[in-house]
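Have a look at the model first.

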Amino acid sequence: MDPSKQCLICVPLTAKTVKKMLFQLELAKESGADVAELRVDLISGFDAAADLPVLLKDKPLPVIVTPRAKWEGGEYKGSEESRQDILRMAYDLGADYIDVELKVAGGFIQELRSRGKDSTTKIIVSNHNWDFTPSDEEIHATIEQMWATGGDIVKYVTTAQDITDVAQVFHFLSESKGPTIGLAMGPAGMISRLLAPKFGGYLTFGALCKGQESAPGQPTVQDLIEVYRVKSMDRDTMVYGVIGKPVYHSKGPVLHNKGFEELNLNKVYVPLLVDDFNKFMNVFNRPDFHGFSVTIPYKEDALKLCDRVENAAKIIGAVNTVVRETTGEYQGYNTDCEGALSAIEKGLRHSGLANNDETPLKGKLFVVIGAGGAGKALAYGAKERHARVVVANRNYERAKALAESVGGKAIELDQLSDFRPETGMILANSTSIGMEPEVTRSPIHKDALSAYALVFDAVYTPKQTQLLKDAAEMGAVTVSGEEMFYGQAFAQFRYFTDLPAPESAMRDVISKPAAAKKG
């Protein structure tokens, strides 16, 4: 990759004092950032004449000086003239960049240039929309106005109300006629920050650490570098991701990106917070978006969208893996089934609860909580292994339909705590009950768990859910959703790459995060 075309990583520094900002500047350098933005409007009692020379002297990396105006979302409290004086002083002191809002850029830049003073300072002309993403036509017109001011770099920032808004950001970045920064703020806009290098962005922003973000949806520098490998990303990078709502709890990006790194593949895997599955798939139906993991609540939507679906996924009625073929068609798979059932069988064998049969689930009463995509995978897999299946669900009709499809029995979820026809049963929770942040919830009363030999929970954040804690206290063998997660993810990795997953390295990056970060 040509270093001169590499997307820079910029850390916005949000300290309230000059001393703390200088400390943050050193931390930004250590973090691997390329640039730091000095948000001087956030410094209490900022005195440009006294403080700017201190901030700019012996700086460890290039800096952007930004006294953001209140009318542009900043906190500068002085007059507009004094704010512009800060920019003039930063320019004269040789700051690497100054950030000037479009609203005042035209006259301000003309005045700076007319002074005839040589300067290496680059002028960023910025525009922020904190409410929504305008149309392509409006964005194009605004960007043309920004270039007409005579600035060196254009920074157009919008707010994503839906992830498909980010497509407009990628479009104007790809078509830019000069150095351009393009981002979409908010949770739905996260991929604009992660994929900025792929679409030609001049720089992207990363916070020093969680809690120090200067705008909504900002990842950390560490994640940008270590998880998403933005410094090696280019226009040929193939994009994969996990589609869901919620999605930012997913460990999929850490896992898959580690696999790509181990095999030196020019691919990246990102979280995709999607509100409308079909809309997202239509907008991002392009060759460089090559494959997707699909999680709650879109596995059945994925089944309907795919042009071709493997037989197991058809029977289960849910797709959790979508691959875009070279023809543009979508191929659907379900790797949940094998991932979950293999984890449960492994748990039975390791605990001594299995006989020598090829399938230790044969003849066992297998209770599935939930009748969605994961529930269907568990019920189907249990039936294939000759277990007797019971489905418990809030919506009894859905439970009944799933149970009948696998020759099983249905009960309502509120009957589950009193359902104890025998001991030594297997319980498998496929719902999101107990997932962060509602970690104290469980789908079944603790006392009822005494009837089960093994309890499996598809939830893996947290690893030890309330259900698993209760089951362990009642003497059951427990299997975390993390094992299902690994199994289905390794199968997905093969579909994404046509290569075996480097399982050991991928497991280690999840189970030993501290060591991985140090390494």
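A quick ground rule on burial: buried means under 20% relative accessible area, exposed means over 50%, and partly exposed is in between (1.4 Å probe, protein chains only). This is a predicted model, where local features need pLDDT of at least 70 and side-chain atom pairs count only at pLDDT 80 or more, while totals for chains, interfaces and linings use all residues. Residues are numbered from 1 along each chain as its sequence is written, and side-chain values use heavy atoms, with hydrogens and water left out.

Q: Why does Lys376 count as buried?
A: Lys376 comes in at 19%, and the buried label needs a value under 20%.

Q: What makes Glu300 and Lys376 a salt bridge?
A: The closest N and O atoms are 3.1 Å apart. The rule asks for a side-chain nitrogen of Lys or Arg within 4 Å of a carboxyl oxygen of Asp or Glu, so the pair qualifies. Glu300 sits in helix H11 (residues 299-305) and Lys376 in helix H14 (residues 373-384), so the bridge ties together parts 76 residues apart in sequence. Helices here are DSSP runs of H or I with at least four residues, strands are E runs of at least two, and both are numbered from the N terminus.

Q: How do you know where Glu80 and Arg83 sit relative to each other in helix H3?
A: Both lie in H3 (residues 80-92), 3 residues apart, about one turn of the helix. An α-helix has 3.6 residues a turn, so residues three or four places apart point the same way. The side chains of Glu80 and Arg83 meet in a salt bridge at 2.9 Å, N to O.

Q: Are Glu80 and Arg83 buried or partly exposed, and how do you know?
A: Glu80 is partly exposed, at 27% relative accessibility, whereas Arg83 is buried, at 1%.
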